[in-house]
Amino acid sequence: MAWLRHYDAALTRRHFSLIAAAGFDSVRVFPPWEDCQPSPETVGAAALSHLVDVADAAVGSGLELIVTLFTGHMSGVNWIPPWATGPGARDLRFRVVAGGQVQDRDRGLRNWYTDPEVGAAQERLAEACAGALAGHPGLWAWDLGNENSNCTVPPDRAAGLAWLERMSGALRSRDPGRPVTIGTHMEDLEEDRAIGPAEAAQWCDFVSMHGYPIYAPWAAGPTDHHLVIFLAEITRWLAGDADVLFEEFGLPTIPPGRDGLLPLVAEREAAAFTGQVLDGLRRAGAMGALLWCFGDYAPSLHHQPPFDLAPHERTFGLWRADGSPKPALAEVTARVNLAVLAPAGAAGRDWLDVDVAQYQADRRQELIRLYGRYRAGLKLEENPEAVG
């Protein structure tokens, strides 16, 4: 969360070399909003310079970047510039950290879909970042935020669409031709938060979904890999069969030599889950997948948010805190250079028995019910004699 503030060019290159050697072709990076924009009118020159250096480093390692703006929400905390906070109600599941301090419970986020100053500041940041990286060969795509609905929610669909038009337009005005997406997540499927796959598809070049069985009490368990593939299928359906990137999945693991309670799982279990998800997403025609995240966090950070209250956030990494690789990496490497498969489209959705309006009438219950049908169909595929 503080990488840009303490930017280390040599460390970035070492990490990118590890990532590329394991077979990855892309990396998603999160310039913290507060570090990029110390005031609504100011985008930090040093932050932009560091961002360009990150892109240069990506090129040097044969990687491409997805740059996620307005971060924002990460690992159960909302990291917000002080000037973008204000009094009022907020989602108390997530602490707000601004200026390095956890904010009081009655201090929330100004709604960036309706607050003129915050919206203008976001547009300014998007233009500045896109201008700095315009045409850069190390950039694959822009991302308009990480699970934004955990920060603020548009008052209605029109406000959400207007924001998507404005921000995607700001990026394209300075970096034309670069793909744009937005990192939506499972809760955007469970609830109406005004920006979901359908809205994203109107202004983005592809849609992105994040999903974790450990956060879905209706999944079959913490390593239920079918859930991730199902979420990709639902996302594509709601987005009118737009291309889907599964932008986040992963599992927190038990540190070696330690005992762990759920949601932590053994590293071998996480590895099997990783391979199963990658195979399933490929069969479903996803354009790609990214794992959360690069590395476990150093013990020296465990007393800080979010790790002090959410210890499972410490060990989602593909590399342990000491730099050693976890078994999941081998599952990734074994699948390097596999061709992307075309999605089956409607022909592959025989479990879908409602239209979009029926789904939207009770999103969460329909999502759970449809997942039951999806899993039942998988069992029939595995055991056709069970039919009838």
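**Helix packing and the space inside**

Modeller: In this predicted model, helix H8 (residues 225-238) and H9 pack at an angle of about 30°, and their axes lie 9 Å apart. Angles under 35 degrees count as roughly parallel, so H8 is roughly parallel to H9. The crossing of H8 past H9 is right-handed. On the H8 side, the contact uses His225, Val228, Ile229 and Ala232. H9 answers with Phe273, Gln276, Val277, Gly280 and Leu281. By class, this contact has six nonpolar residues, three polar ones and no charged ones.

H9 spans residues 267-283 and gives the most to the lining of the largest cavity, with four residues. That cavity has a volume of about 90 Å³. Its lining takes 14 residues, and those closest to its centre are Leu251, Ala270, Thr274, Leu318 and Ala328. Two of these, Ala270 and Thr274, fall within the span of H9. The lining divides into eight nonpolar, four polar and two charged residues.

How many cavities of 30 Å³ or more are there? The count is three. Ile182, Gly183 and Thr184 are among the lining residues. Others include Tyr113, Glu147, Asn148, Ser149 and Pro154. Asp188, Arg193 and Ile195 also belong to this lining. Its classes are four nonpolar, four polar and three charged.

Next, an open space. The second largest pocket contains about 610 Å³. It is lined by 29 residues, with His73, Gly76, Phe94, Tyr215 and Glu313 nearest its centre. Strand S3 (73-74) and helix H6 (187-190) are the elements that give two or more residues to this lining. Eleven of the lining residues are nonpolar, nine are polar and nine are charged. Asp188, part of the lining of the second largest cavity, lies within the H6 span.

Back to helix pairs. H4 (residues 116-132) and H5 (residues 157-174) have axes that come within 7 Å and cross at roughly 30°. H4 and H5 are therefore roughly parallel to each other. H4 passes H5 in a right-handed crossing. From H4, the contact takes Gly119, Ala120, Gln122, Glu123, Ala126, Glu127, Ala130 and Gly131. They meet Trp163, Arg166, Met167, Ala170, Leu171, Ser173 and Arg174 in H5.

One more pair. H1 (residues 9-21) and H3 (residues 45-61) pack at about 35°, with axes 9 Å apart. This crossing is right-handed. Ala9, Thr12, Arg13, Phe16, Ser17 and Ala20 of H1 meet Asp53, Val54, Asp56, Ala57, Ala58 and Ser61 of H3. Six of the contact residues are nonpolar, three polar and three charged.

The H8 and H9 contact has no charged residues.

Notes: Residues numbered from 1 in each chain as written. Predicted model: local features only at pLDDT ≥ 70, side-chain atom pairs only at ≥ 80, totals over all residues. Heavy atoms only, no water. 1 Å grid on protein atoms, 1.4 Å probe; cavity = no way out; pocket = protein on both sides within 12 Å on 5 of 7 lines; lining within 4 Å. Points joined across faces, edges and corners; volume = space filled by probe spheres on them. Nonpolar A, V, L, I, M, F, W, Y, C, P; charged D, E, K, R; others polar. Axes fitted to C-alpha atoms, helices over the stretch in contact; angles between N-to-C directions. Parallel < 35°, antiparallel > 145°, perpendicular 65-115°, else oblique. Left-handed = near helix turned anticlockwise from the far one by under 90°. Contact = heavy atoms within 4.5 Å.
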